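Have the model open while you read.

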Amino acid sequence: MSTTIFQHILSSERKSYMDKFFLDSHHLKAYNYMAACGTDVFGFNAYECEDCDYKRIHYNSCGNRNCPSCQAKQREEWISKMSEFLLDIPYFHVVFTVPDSLNDIFLYNKKKMYNLLFSTSSKTLLKVSEKYYGQVGFTSILHTWGQNLWIHPHIHMIVSGGGLTIDENGNDIFKKAPANYLVPVKALSKMFRGKFIDGMKKLLLVDNDGNPIDFNDESYKTLIDELYSKDWVVYSKKPFNNNQAVLNYIGRYSHRVAITNSRILNYDETNHTVTFRYKDYKDNSKQKEMTLDALEFIRRFMMHIVPYGFIKIRHYGFMSNNTRKTKLPLCRELLGQPAPKNIDPDDSDPDDDQKDKECRCPKCGGKLIWYCNTYPTPWFHDDDSS
């Protein structure tokens, strides 16, 4: 049984962190799950070789969607299903960001502000693209962090290079986008800014002391004026060459969390510091190192625990959950493309309790046979891993 450097940090600094910071039940559960991932707390499966005396114990992962150690398998399974979801056309990568002057409001109103970010960015893209292509289809993925682990909410979109519309005779057609152009980003930026600010002013939000935010207050009027005066950053990258490139790119973003174990370079237990690698986008994307107090490192990571039950990957347009079963086949028919096998990205496969129970012995090459297991510790485990 081995633990990652991230788990070592959480476990070693747990008492100090709990003494200094309050965690609600959702955040406390995420902390405990991540710290205990891959240990006997979550039980294990035991294997033995049928030809020699070799035995192997595989400790179960925590399955928490915020855990850096648990995302690879979930990501690969989702991407595999997503491969049946794409049309054989170019796809564009579009990113919507918000000014950092909104960071505090996001931090203390996560669910409402993240939902607003999804809603306004998707409505903006659907509205602007309608003029050019009719209804496009896209997948939106929420990220809440920057490379230094500070809060930086933004939406990544994988957008179809074209959309469903009708011709002058009222017939369904699929109108393709030009090779290197989707929609004008300045139009996206301006509309997104207006929709977001208007929507935010209608929400019941609180400040960092828990007091209701009044956007008629002079300080917030100043904030609103400042937000309107800025050009909000929305950008569109060149289209992917093929669907495999789309899948590879989605794989980098779909189940990513704020930091991976590979970026953590050192944990100094004596001085209680953590050093990690980051990319400085303000300095030509140079790779640099940052050292933080261990408690500050954990605090920054915990800022990005998604709210309970929050959906951070969403589909829109002809890819939306309630229309894609009819509209995707129509797109393929109009494009003259074959139908996929039968898998939908959001349809879950039934659990296979026997998976990974047979593998090969590293000593003799014989078959490893599963022979026993233990279950997660009752006082620790519950059914929800969100």
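Which side chain does Lys363 meet in a salt bridge? Its partner is Asp53, at 3.0 Å from N to O; a salt bridge here is a side-chain nitrogen of Lys or Arg within 4 Å of a carboxyl oxygen of Asp or Glu. The two residues sit 310 residues apart, Lys363 in the loop between strands S13 (358-360) and S14 (367-374), Asp53 in the loop between S1 (44-49) and S2 (55-59). Both Lys363 and Asp53 are exposed (over 50% relative accessible area, with buried under 20% and partly exposed in between, using a 1.4 Å probe on protein chains only).

A word on the ground rules: this is a predicted model, where local features need pLDDT of at least 70 and side-chain atom pairs count only at pLDDT 80 or more, while totals for chains, interfaces and linings use all residues. Residues are numbered from 1 along each chain as its sequence is written, and side-chain values use heavy atoms, leaving out hydrogens and water.

The whole structure has 10 salt bridges, including these:

| Pair | N to O distance |
|---|---|
| Lys363 and Asp53 | 3.0 Å |
| Asp19 and Lys15 | 3.0 Å |
| Asp283 and Lys286 | 3.9 Å |

Asp19 and Lys15 are four residues apart in helix H2 (14-20), so about one helical turn separates them. Asp283 and Lys286 belong to a salt-bridge network that also takes in Asp280 and Lys288.

Now the sheet. Five strands form an open, antiparallel sheet in the order S8-S3-S5-S4-S12 (strands are DSSP E runs of at least two residues, helices H or I runs of at least four, numbered from the N terminus; two strands pair if DSSP finds at least two bridges between them). S8 (234-237) and S12 (313-317) are the edge strands, each with a single partner, so one side of each has no neighbour in the sheet. S3 (91-97) pairs with S8 over four bridges, and His93 stands opposite Lys237 in S8.

What about helix H8? H8 (218-229) has 12 residues, and Tyr220, Leu223, Ile224 and Leu227 are buried there. Seen down the axis, the buried residues of H8 fall within an arc of 100 degrees (taken from the directions from the helix axis to the C-beta atoms), so they line one face. The face turned away carries exposed Glu218, Asp225 and Ser229.

Finally, Arg332 in helix H11 (324-335) is buried, with a relative accessible area of 7%.

Terms used. The expected span of a helix is 1.5 Å times one less than its number of residues.
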